[in-house]
Amino acid sequence: MRSLGWLLPLAAALTACTTLRPPAQVTPATPTSWQAPLPHDGQLQQLTDWWARTNDPVLVALIESAQRISPSLAQARSRVEQARATQTTARAALLPTLDAQASASRGVTPPVTTPATTAQAGLQAGWEMDLFGANQATRDAATERLAGAQALWHEARVSVAAEVALQVSSLRTCLQQLDVAERDAQSRAATARLTQDSQRAGFTAPATAALASASAAEATARAAQQRMQCDVDFKTLVALTGEPEPTLRSQITAAPAPRYDEARFTIAALPVQVVSQRPDVYNAEREVAAASAEVGSAQAQRWPRLSLTGTVGTAWSRAAGTTTDLSTWSFGPLALSLPLLDGGRRTAQVDAARARYDEAVAVYQGRVRQAVSEVEQALVRLQSTAERADSARAAVQGYQTSFDATEARWRGGLASLVELEDARRTLLAAQTTLVALQHERQSAWVALYRAAGGGFDAANPTAPNTPAAPAL
């Protein structure tokens with residue numbers, strides 16, 4: 001111990017040296033206010049249970065089914081477990097190690113010719129003193145990446161919910177457009193029958209009857225094409241949720257589509273508050289902190305390393321009826337390793353770590369800008385759909401009135417079939433536009449839900465250990 005004591009003051013002096021890390025936190029460049037109008041007329045304030053409050057149990061059940069089987073969510077869960085294991089490994093490097101050993105043998109060792117039985121057991125301990133924080137920095141990086149992986153689990157969960165919501169909205173829109181197309185086809189078929197009857201009676205020219213038949217055939221083909229698109233949407237939703245197609249069809253067709261044209265949640269007035277709730281932004285922020293810690297770890301590798309080992313063991317040997325105690329113990333060596341020449345390897349590692357840090361900062365800043373842009377775009381689309389909704393409904397009502405009047409005039413012989421078909425096409429276009437606008441508005445709400453983070457809480461980013469079927 002006296003011979004090793006001179007290393008202790010040296011170790012104490014070395015621990016006074018510190019390694020410098022770049023800033024672990026970077027202030028994002030966010031605007032002071034939103035440029036698009038905010039939907040503050042809503043009554044639901046939280047994003048986490050937005051879908052549960054839409055009075056749409058079918059959508060909630062489908063989201064839960066999709067989250068339960070989603071490969072992206074399973075992948076995110078696996079990455080959380082991997083990051084947790086990496087953190088455990090990094091923490092273990094800060095602690096002493098202790099290994100147990102045991103052995104037994106019997107044999108003859110010349111010049112002794114009497115068989116001897118030897119048994120031994122012992123403990124071997126080792127500890128690398130983290131003088132310059134290399135292991136601590138590695139642990140910090142692992143901790144930050146674990147938090148980032150947990151945030152990405154939330155992002156995967158939000159993405160699955162948004163994808164299912166969009167697909168359900170698209171399917172319901174398709175079914176509404178199919179209903180419009182089928183009613184239009186039935187109306188044109190009735191017009192064609194009346195025109196053919198009139199043509200056979202000699203009151204209508206053959207060209208007019210041919211026009212009516214062509215219009216009916218066109219409507220039938222349009223309805224068939226729309227029905228095909230709905231079938232494709234059903235199958236896409238089956239792949240997302242894993243539900244049997246017959247069950248899914250009965251669920252969708254039996255439940256009426258709820259209204260989504262009113263505001264469902266509010267958005268904070270300050271962009272920085274919304275951006276901080278984005279799991280992808282939070283993950284990028286944690287990656288900056290992890291890269292900063294790795295710079296510190298790389299710098300610490302350029303400084304001396306101090307390690308201490310020790311063993312204690314018990315052993316005995318028995319030969320010719322005589323037992324010999326061979327127990328031993330040792331404390332040390334207390335070893336100091338000083339890097340002298342490595343061909344620039346450690347310096348290159350520091351440079352690479354700094355480059356990764358600069359990359360992480362650039363990615364984080366870019367992610368913040370993208371988040372602000374996505375929220376702004378969703379707000380613009382939401383505002384635009386609100387402004388067009390009343391006009392679209394008024395257009396449908398007006399064109400419906402015009403078509404009814406034109407049809408009545410046509411039945412009375414006061415309007416031509418060309419006029420009737422023009423009025424019909426105009427009404428069909430207005431009805432299709434209104435249905436598409438409702439889907440566009442719902443898509444804008446879903447985009448805003450996703451752009452605002454989907455209820456992620458940066459103050460509590462932890463994910464469950466086994467999130468089998470999380471509820472939205």
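What is the relative accessibility of Gln383, and does the residue count as buried, exposed or partly exposed?

Reply: Gln383 counts as partly exposed, because its relative accessibility is 32%; buried means under 20% relative accessible area, exposed over 50%, and partly exposed in between (1.4 Å probe, protein chains only). The model is predicted, so local features need pLDDT of at least 70 and side-chain atom pairs count only at pLDDT 80 or more, while totals for chains, interfaces and linings use all residues. Residues are numbered from 1 along each chain as its sequence is written, and side-chain values use heavy atoms, with hydrogens and water left out.

Gln383 belongs to helix 9, which covers residues 345-411. Helices (H or I, at least four residues) and strands (E, at least two) are DSSP runs, numbered from the N terminus.

Helix 10, made up of residues 417-451, holds Arg424. Arg424 is buried, because its relative accessibility is 2%. Setting aside residues up to four places away in sequence, Arg424 touches Asp184, Ser187, Arg188, Thr191 and Phe403; a contact means heavy atoms within 4.5 Å.

Helix 10 also packs against helix 4 (residues 134-200), at an angle of about 170° and with the axes 9 Å apart. The two helices are therefore roughly antiparallel, a term for angles over 145 degrees, as against under 35 for roughly parallel, 65 to 115 for roughly perpendicular and the rest for oblique. Axes are lines fitted to C-alpha atoms, for helices over the stretch in contact, and angles run from 0 to 180 degrees between N-to-C directions. The contact of helix 4 with helix 10 is made up of 13 nonpolar, 15 polar and 7 charged residues. Here Ala, Val, Leu, Ile, Met, Phe, Trp, Tyr, Cys and Pro count as nonpolar, Asp, Glu, Lys and Arg as charged, and the others, Gly among them, as polar.

Helix 4 is also the place of Gly148. Gly148 is buried, because its relative accessible area is 0%. Beyond its neighbours within four places in sequence, Gly148 is in contact with Asn283 and Arg286. Val80 stands 68 residues from Gly148 in sequence, and their C-alpha atoms are 8.6 Å apart. Arg286, one of the contacts of Gly148, lies over the face of Tyr282, 5.0 Å from the ring centre. Elsewhere, Arg249 lies over the face of Phe234, at 4.2 Å from the ring centre. A charge sits over a ring if NZ of Lys or CZ of Arg is within 6 Å of the ring centre and within 35 degrees of the ring normal.

Along the chain Arg21 and Ala293 are 272 residues apart, yet their C-alpha atoms are separated by 6.7 Å.

Among contacts with a separation of 6 or more, 85% join residues 24 or more positions apart.
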